[in-house]
Amino acid sequence: MRNTVAIFCLALIGSGQAQPFQLPTANHALFEKGGEEKFFVGTTGKPWTTGTFGCVRSDGHQLHEGLDIRCLQRDKHGEPTDPVMATADGAIAYINRKPSLSNYGNYVVVRHKINGLEIYSLYAHLSEIRADLKTGQDVKAGEKLAVMGRTANTREGISKERAHVHFELNLLLNDHYASWHKSALPGQRNDHGDWNGRNLLGLDPRLILLQQHEQGAKFNLLTFIQHHNELCRVIVRKTSFPWLKRYAALIRSNPRAEKEGIAGYELALNFIGIPFEVIPRAASEMKGKNKFQLLNVNQAEHDRNPCCHLVARRGSGWELTNHGTELLELVTW
Ligand SMILES: [Zn+2]
């Protein structure tokens, strides 16, 4: 019996099924040495690096929150025809079939639970989304969701030459996004409910896919998230907000706060604002009275990834920007 189990496990590893994330198209050049040009599509006239995740757009000043994966197949008119597939087992969370409502054009969001964490994959600029797909429906890793396309509501559009799927892996900031949006951004339309881009913070899918390729079954998404580089640390004077429940695995224990009572939380944020470490704090451990207090900034990380502007220099110190404050308002809403 034991032998049978061992052989079964080996078979799973051999077929790649032991790994949580799969590439969303047949383009696997990411794993080839020097395959970047074949895998990523850069912006017009720029190198392939502008199709990767991070501060790669507008000479480093603008965030690109996913990967732009090059098409492999075209029809006789030169339009992309690559099937786009679910990166892991999951359930459909959201479908936008009105390309005019988003710079992502037609897109699909799939909810996954991996190593105990909810993560959301997103596939954008699709031409055709499978007609039978519905919110809540289960999908299997590798199951076809749509056909690659170049839909977007931007004026410049996407050229045939640059046809790609924009692929993201996201954490969801707040389960009550829609109500925050109404209160914080009155008059601004929210066409996508909780699936608004502000509420989804991206992880780097390239790093995840490569690490997983290297580590195989040892890859752990929680460990990956916990090892983000820290941009800054903040204290929030709030003791109940959805992130604490949703990503409880990121909370570190603090016996003092547990004994004296929790008065707030210390959050370590990465450069785009993911609170990847959460520490409960007692009142006796917190200084100041502000709702949000910036404790420190990692200048090296700020210089390396300067495009999200959560913090800024002020005199000899640092402060939260309006954008940083807005992010914390949303996290703690
Ligand atoms: Zn993109």
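Lys287 is exposed, with a relative accessible area of 69%, which puts Lys287 past the cut-off of over 50% that the word "exposed" requires. The model in which this residue is seen is a predicted one.

**Lys287 and its surroundings**
- Lys287 lies in the loop that runs between β15 (275-281) and β16 (292-297).
- When the neighbours within four places in sequence are left aside, Lys287 is in contact with Arg237 and Gln293.
- Lys287 and Ala86 are 201 residues apart along the chain, and their C-alpha atoms are separated by 46 Å.

**The zinc site**
- The zinc ion is coordinated by His64 through NE2, by Asp68 through OD and by His166 through ND1, at 2.0 to 2.1 Å.
- Along the sequence, the spacing of these donor residues can be written as H-x3-D-x97-H.
- His64 has a relative accessible area of 5% and is buried, and Asp68, with a relative accessible area of 2%, is buried as well, because the word "buried" applies under 20%.

- Three bridges join β4 to strand β10 (residues 144-147) in the antiparallel sense, and the bridge partner of Met85 in β10 is Lys144.

Conventions:
Residues numbered from 1 in each chain as written. Predicted model: local features only at pLDDT ≥ 70, side-chain atom pairs only at ≥ 80, totals over all residues. Heavy atoms only, no water. Donors = N, O, S within 2.8 Å, 3.2 Å for Na, K, Ca; no water. Buried < 20%, exposed > 50% of the residue type's maximum accessible area, 1.4 Å probe, protein only. Pairing = 2+ DSSP bridges. Helix = DSSP H or I, 4+ residues; strand = E, 2+ residues; numbered from the N terminus. Contact = heavy atoms within 4.5 Å.
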